[in-house]
Amino acid sequence: MKRLLFAALSAGLVTQGIAAQSTRESIQGVWRVVEATITGPGARTIAFAERPNMTIITARHYSRVEVQADGPRPILADVAKASADELRAVWGPFVSEAGTYEVTPGSVITMRPIASKNPAVMGPGVFITYSYKLDGDTLSLTQQRNQNGPFANPFTLKLMRVD
């Protein structure tokens, strides 16, 4: 009886270990953008150390939120009385998007937004493809194309696994 219980527990631990390992070898998880590299005119690398953000990738869906501001956003005393410039300063740098994705051979991810703060990136036929590289707990995504064609100056995002 003790051997059977030990064997069952051992099998359970091995199975959990394999499941945890396969998750680590997958893009599925919770990620944080730590760096963005922009190409073309004004090329630069931006560290995201102080920029709050999170990307969640499940088996078929993704969701991401980011604050793309160089510093803290102002806090509005009264939203109903805020000027257009004050509203833009608070909500302009905030990005939010969720949708579905698929991975195809050649390390390409195609994302199809369903909901977004920016309505221009939602709708039938809208997509964006990225090439990706997974190296341990680091995921690099480089823009390839969208429904309008290839990107002339693609950017690359470097994400670190949070969970």
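Q: Is Leu 87 buried, partly exposed or exposed?
A: This is a predicted model, where local features need pLDDT of at least 70, side-chain atom pairs count only at pLDDT 80 or more, and totals for chains, interfaces and linings use all residues. Residues are numbered from 1 along each chain as its sequence is written, and side-chain values use heavy atoms, with hydrogens and water left out. Buried means under 20% relative accessible area, exposed over 50%, and partly exposed in between (1.4 Å probe, protein chains only). Leu 87 has a relative accessible area of 25%, so the label is partly exposed.

Q: Which residues does Leu 87 touch, leaving out those up to four places away in sequence?
A: Leu 87 sits in helix 2, residues 84–91; helices (H or I, at least four residues) and strands (E, at least two) are DSSP runs, numbered from the N terminus. A contact means heavy atoms within 4.5 Å. With that cut-off, Leu 87 touches Leu 76, Val 79, Ala 82 and Gly 92.

Q: How far apart in space are Leu 87 and Ile 75, C-alpha to C-alpha?
A: Along the sequence, Leu 87 and Ile 75 are 12 residues apart. In space, their C-alpha to C-alpha distance is 9.8 Å.

Q: How many salt bridges does the count come to?
A: A salt bridge here is a side-chain nitrogen of Lys or Arg within 4 Å of a carboxyl oxygen of Asp or Glu. By this rule the count is 6.

Q: In the salt bridge between Asp 70 and Arg 51, which loop holds Arg 51?
A: The side chains of Asp 70 and Arg 51 meet at 2.3 Å, N to O. The pair links distant parts of the chain, 19 residues apart, with Asp 70 in the loop between strand 4 (61–67) and helix 2. Asp 70 counts as exposed because its relative accessibility is 76%, while Arg 51 counts as buried because its value is 10%. Arg 51 lies in the loop between strand 2 (44–47) and strand 3 (53–57).

Q: Which residue is linked with Arg 64 and Glu 66 in a network of salt bridges?
A: Glu 66 and Arg 64 form a salt bridge, with their closest N and O atoms 3.0 Å apart. Both Glu 66 and Arg 64 are buried. The network that links these two also includes Glu 97.

Q: Which strand holds Arg 161, the salt-bridge partner of Asp 137?
A: The closest N and O atoms of Asp 137 and Arg 161 are 3.1 Å apart. Asp 137 sits in the loop between strand 7 (128–135) and strand 8 (138–146), and Arg 161 is in strand 10.
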